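Take a look at the chain below. We will walk through it one part at a time.

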Amino acid sequence: MRRPVKYLVPAGLLAVAALVMVPFAQAENQPAPPRFDLVSPLSAYLGFGYHTDQEDALYEAEESARQEMIADCMAKAGFDFWPKSDEEDLRNVKFLESLESDEQRRYNLAFSGRESTSSGRTAEEMRKVDLDGSGLLEYDERDRLGCLGAAAGALPGVFHVRSVLAAEYEKMDDSIDASAEVADARANWMTCMGDFGYSQKTPAAVSEAVSEGLAAGKISEADLETYEPCNQLVREGYAAGRADAERKFFAEHEETIKKLAVPASAK
């Protein structure tokens with residue numbers, strides 16, 4: 001099952017951190033220090049990656065309920081449908097393949113409101129009908145597509161707000177790498193690494209020097225630990241840039257978020 005990731009590490013910072021053997025993907029998911037400039041208003045809601053355990057549990061329960069809704073709906077249309085237990089569960093695929101072409105067409109219309117389950121769809125239709133069962137569905141109130149659409153409309157899910165604001169969220173996410181906070185973090189990282197004798201002119205060059213030193217045995221794992229204060233500057237700079245971007249995102253889309261998102265305290 002697919003879930004939206006909280007965010008991707010900006011390419012520039014990844015180049016700085018990854019080659020210095022920093023577990024950046026892990027570090028960015030650790031709780032941020034209790035500083036105001038690192039607090040995002042999105043952390044008050046589920047669906048934005050700040051409460052992954054709660055989100056995963058709620059998502060699983062919602063997906064199970066949606067599958068049961070689809071099964072009931074398909075039964076009323078005269079078809080067998082097995083609630084999907086996992087991605088390897090192919091009973092519905094095999095059942096569909098066992099039908100004659102006319103019955104396949106009727107099955108598809110009942111399931112998704114379209115004659116085909118995959119081919120011939122526009123990009124807009126593919127956004128509205130998520131056939132892999134991820135739950136990332138976007139439905140127009142006037143456009144309920146078959147049993148799948150009815151189930152998604154009845155129970156949009158914990159990640160529905162991210163789906164509705166997908167384009168806007170992606171734009172916000174992409175902006176972080178160009179933020180002043182991230183630029184300062186890169187500069188501070190370079191200064192900090194300079195204190196350890198790295199005089200290269202770019203973050204990539206410093207990272208390459210560290211990697212080469214490791215490969216040649218000139219730098220040890222213990223040496224990497226001494227670079228950790230420098231790496232923490234990167235983490236904090238990125239966290240500050242993200243928090244600032246998310247505060248602006250929230251201010252712009254507050255009404256939609258409050259309407260569609262599940263408060264973290266509610267689950």
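## A buried charge, and what lies around it

E55 is buried but forms no salt bridge; R162, the nearest side chain of opposite charge, is 7.2 Å away. A salt bridge here needs a Lys or Arg side-chain nitrogen within 4 Å of a carboxyl oxygen of Asp or Glu. This is a predicted model, so keep in mind that the picture comes from a prediction.

Where does E55 sit? Its place is in helix α3, which covers residues 52-76.

Now step back to the whole chain. It has 13 helices and 0 strands. The chain has 267 residues, and 40% of them count as buried.

Next, the aromatic rings. How many aromatic pairs does the structure hold? It holds 11. Take F81 and F111. Their ring centres are 5.9 Å apart and their planes stand at 25°, so this pair is stacked. F81 lies in the loop between α3 and α4 (91-98), while F111 lies in helix α5, so the pair ties together parts that are 30 residues apart in sequence. Both F81 and F111 are buried. For F111, the relative accessible area is 12%. The cut-off for buried is under 20%, so F111 qualifies.

F111 has another ring partner, Y107. The centres of the Y107 and F111 rings are 6.3 Å apart and the planes are at 25°, so this pair is stacked too. Y107 and F111 are 4 residues apart in helix α5, so about one helical turn separates them. Why does that spacing matter? An α-helix has 3.6 residues a turn, so residues three or four places apart point the same way.

Stay with Y107. It belongs to helix α5, residues 101-112. Is Y107 buried or exposed? It is buried, with a relative accessible area of 3%. Leaving out neighbours within four places in sequence, Y107 is in contact with M74, F79, D80, F81, N92, F95, L96 and L99. G78 is 29 residues from Y107 along the chain, yet the two C-alpha atoms are separated by 8.7 Å. Ring pairs link Y107 and F111 with F79, F81, W82 and F95 into a cluster.

Another contrast of sequence and space involves L145. L145 lies in the loop between α6 (123-128) and α7 (146-154). It counts as buried, at 4% relative accessibility. S112 is 33 residues away from L145 in sequence, but their C-alpha atoms are 5.2 Å apart.

Helix α9 shows how a helix can have two sides. In this helix, residues 166-175, the buried residues include Y169, M172 and D173. Seen down the axis of α9, its buried residues fall within an arc of 100°, so they line one face of the helix. On the other side of α9, A167, K171 and D174 are exposed. What do the buried residues of α9 pack against? They pack against α8 (160-164) and α13 (228-260).

One joins E63 and R66, with N and O 3.2 Å apart. These two residues are 3 apart in helix α3, so about one helical turn separates them. Both E63 and R66 are buried. Another salt bridge joins D177 and R186, whose closest N and O atoms are 2.5 Å apart. D177 is partly exposed, with a relative accessible area of 24%.

Helix α13 holds a further example. D244 and K248 meet in a salt bridge, at 3.3 Å from N to O. Both lie in α13, 4 residues apart, which is about one turn of the helix. D244 is partly exposed at 23% relative accessible area, whereas K248 is exposed at 56%. Salt bridges that share partners also join D173, R242 and E246 into one network.

Key: Residues numbered from 1 in each chain as written. Predicted model: local features only at pLDDT ≥ 70, side-chain atom pairs only at ≥ 80, totals over all residues. Heavy atoms only, no water. Buried < 20%, exposed > 50% of the residue type's maximum accessible area, 1.4 Å probe, protein only. Lys, Arg positive; Asp, Glu negative; His and termini not counted. Contact = heavy atoms within 4.5 Å. Arc of directions from axis to C-beta. Phe/Tyr/Trp six-rings, centres within 6.5 Å; stacked < 30°, edge-to-face > 60°.
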